[in-house]
Amino acid sequence: MNLVWYRNDLRVHSHRPLQEALQAGGPVTAVYCLCEGQWDDHGVAPLRRWYVLQSLCELGEQLAARGIGLQVLDTGDFSQVPQRLAAFVREQGVERVFCTREYPLNERRRDEGVAREMAQLGVTIRGFDDSVLVPPTTLRTGKGTPYTVFSAYKKRWDVWLDDHFAMPDPPAKPAAKPVVFADKKTIDDALARLAVPASLTARWEPGEQAAGRQLDDFITRHLANYRKNRDFPSLTATSSLSAALSAGTLSPASCFHAARQAMADAGARDGAACWIGELAWRDFYRQIMAQYPRLSWGRAFRAETDLLQWNDDEVLFQAWCEGRTGYPLVDAAMRQLVATGWMHNRLRMVTAMFLSKHLWLDWRKGEDFFMQHLIDGDFAANNGGWQWSASTGTDAVPYFRVFNPVRQSQRFDAEGHFIAHWVPELKALDNKTIHEPWKQPLLVPDYPAPIVPHAGVRERVTESFKAVKQLYDTTQGQGGN
Ligand SMILES: Cc1cc2nc3c(=O)[nH]c(=O)nc-3n(C[C@H](O)[C@H](O)[C@H](O)COP(=O)(O)OP(=O)(O)OC[C@H]3O[C@@H](n4cnc5c(N)ncnc54)[C@H](O)[C@@H]3O)c2cc1C
């Protein structure tokens, strides 16, 4: 018996472990370990849990149609997975396990525990790097170290894919004798415990089939103009496929393949190249996560920045969370996040930089808050994006560069359409005042004045970063750690 152990790879198409399990000969079965306790520990958003559970339901049906039963084991948290999986393997007479590799530390420890149990049972376990386009330890600098600068990584990434990219596997064919997906109740019970409001779920369609349709729609309607439009949050210009990619209802190989095919049309070439660049960022952060375990301990990539003394002002933090900072673009973005479970990439950078630079609050607080709300909450991408914005990460924005929230607003929401939608108190303002409502306070009595001034932020941030660098170099020189 061959077992496919599903995790964040909830699909049948472009799924190497499933293909290999089918080709290995003999019957195939599948399992998913439901770890709600781990979701609690990792602060996973209820909306993301809903997306995963609904997608799991669809996966169960898809596998059943192919004659493969999916069993959902309610395992609490990762610590219980090795024993529960070992018991399952014994009961079912499994000889081989197939799965997609995961890179954060807790996931790797879980997998090491499972590998030990399987070794004792004489069961082989094979992992595949299907959640990325390039396996995380494949590309190395001339010194044999991991790449920590994106531009250099991307050059090698392109070349490697030119030589090695394999077409996504087609889905397994429907079976002559389908089985019944019997474990739906475990999922329904977990969904009932969640109780996510319909207002939040209405915008999203979980599952592999919806993700495939969404990819087709993006490629045909928006890819060609992606580079031109992707920074404007009031436009539908990006794919919104991040939830699908992070839960694995869609593979990065399917995305890459579709974008490459679209390049046959000269008009789409530039947009496609730009979008493929985003898939490279996704791989980049995953390879960083895989090779620098300290990120999984909540540490900054740049060690000296862990010496920064952050502000601990809960009032400022709450104002940021609730979209009441007095900066319209920041507030519109935060309200979009809370209302929909998603935020546009440009605005993730703007709000993250505002929290870490203007409010001088620890970027980890923002990272957690994003995770608690995002439908696409993904440890590697979220951590990478936060550390980029806070200038504490690998390929981070230089600390002396601070986005001006008013300039960002004038540039990327010039007409104020996005702001007017999410901050309706400001919708009557003209397209100049809407970016700086404090200039006409009588027109907007219900909207707060800026909670901190923009002036002086760059100087304060620059001084603080320089000071910790000096302190760090001195303590290192004295043999500190
Ligand atoms: C502070 C911050 C936090 C972030 N948190 C997350 C997160 O939790 N989950 C997440 O998937 N992305 C995160 N991102 C990256 C990016 O903002 C989202 O992937 C993107 O906005 C999703 O929208 P889309 O699917 O329309 O993207 P598209 O523009 O269509 O891009 C296609 C895909 O490429 C990937 N991608 C795009 N940009 C990035 C990036 N900068 N880093 C890594 N992958 C990228 C995503 O999988 C995305 O779906 C974060 C960025 C920042 C600055």
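Which residues of S1 lie on one side and which on the other, and are they buried or exposed? Here are some friendly notes on that and on a helix pair.

1. First, the ground rules. This is a predicted model, where local features need pLDDT of at least 70, side-chain atom pairs count only at pLDDT 80 or more, and totals for chains, interfaces and linings use all residues. Residues are numbered from 1 along each chain as its sequence is written, and side-chain values use heavy atoms, leaving out hydrogens and water.

2. Strand S1 covers residues 2–6; strands (E, at least two residues) and helices (H or I, at least four) are DSSP runs numbered from the N terminus. Asn2, Val4 and Tyr6 sit on one side, Leu3 and Trp5 on the other, and all are buried (under 20% relative accessible area with a 1.4 Å probe, protein chains only).

3. S1 has two parallel neighbours to look at. Strand S2 (residues 28–34) is joined to S1 by 5 bridges, with Trp5 opposite Val31. Strand S4 (residues 96–100) is joined to S1 by 4 bridges, and there Val4 faces Phe98. Pairing requires at least two DSSP bridges.

4. Now the helices. H17 (residues 363–373) and H18 (residues 379–389) pack at about 145°, with axes 10 Å apart; axes are lines fitted to C-alpha atoms over the stretch in contact, and angles run from 0 to 180 degrees between N-to-C directions.

5. In that contact (heavy atoms within 4.5 Å), Trp363, Gly366, Glu367, Phe370 and Met371 of H17 meet Phe379, Asn382, Asn383, Trp386 and Gln387 of H18.

Methods
Buried < 20%, exposed > 50% of the residue type's maximum accessible area, 1.4 Å probe, protein only.
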